[in-house]
Amino acid sequence: MFAKEAYKGTLEEQYKTLSKQLDALLTGEEDLIANLANASALLAQFLDDVNWVGFYLLKKEGLVLGPFQGLPACVRIPVGKGVCGTAVERDETMLVEDVHQFPGHIACDAASRSEIVIPIHHYNSIVAILDIDSPLLARFTKEEQRYLEEFVTVLEKHIVL
C-alpha cells in the first residue's frame, strides 16, 4: 500500500526519497503501462507547480501518448517536432524555460509555460520520454534536471519489453 509522504530535507534528499519510492513501487511488476502509470502518479504528487506529468511511447510512426496525470493531451507527436519530438531526435534532455520561445512548440495545454522532457532507454534505444509541463516560466532547474534524470534511470531498470 502506498501512502502520501511529506518530503523533507534538501532537494537532493527529497529526490533520493522519491527515487527509492519509485524503485519499491515498481519492483516485481513487469507491465510497462502499469509502471509508467504509477511513475506519473508518483511524480504528480511530488512535484509542485506542474500541470502535466506523463509519458509518450516511441512507436514506428512517432511518439504516442502513454500514461499521464493532467488534462487530455496530444495523442501523436512526430519525431523531431515540438519539445518531445526534439528530445527523441537529439536523444537528450530538453529543459525549456519558455515553451513559447521554442521553435515548433506543440501547445497541448495553453497553460504550459515551461517544460522538461527526458528520453527513456531500454538497451540503449529510446522507448519513451518523460514529459513534465508547468504553468510557470523557468520552473525546472539544472539541478532538478539531474535528479529527474536519476529518477528515469531508476525507471529504466524496471522496463521489460
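The expected span of a helix is 1.5 Å times one less than its number of residues, and helices (H or I, at least four residues) and strands (E, at least two) are DSSP runs, numbered from the N terminus. This is a predicted model, where local features need pLDDT of at least 70, side-chain atom pairs count only at pLDDT 80 or more, and totals for chains, interfaces and linings use all residues. Residues are numbered from 1 along each chain as its sequence is written, and side-chain values use heavy atoms, leaving out hydrogens and water.

**View 1. Helix 2 from end to end.** At its N-terminal end sits a cap: a side-chain oxygen of D31 lies 3.1 Å from the backbone nitrogen of I33.

**View 2. The buried face of helix 2.** Look for N35, L36, A39, S40, L42, L43 and F46, which are buried (under 20% relative accessible area, with a 1.4 Å probe and protein chains only). Seen down the helix axis, the buried residues of helix 2 fall within an arc of 160 degrees (taken from the directions from the axis to the C-beta atoms), so they line one face. An α-helix has 3.6 residues a turn, so residues three or four places apart point the same way.

View 3. Six strands form an open sheet in the order 3-2-1-6-5-4, with antiparallel pairing (two strands pair if DSSP finds at least two bridges between them). Strand 3 (76–77) and strand 4 (94–96) are the edge strands, each pairing on one side only. Nine bridges join strand 5 (residues 114–122) to the antiparallel strand 6.

Note on methods. Buried < 20%, exposed > 50% of the residue type's maximum accessible area, 1.4 Å probe, protein only. Polar contact = N/O pair within 3.5 Å; in protein donor to acceptor, adjacent residues only side chain to side chain.
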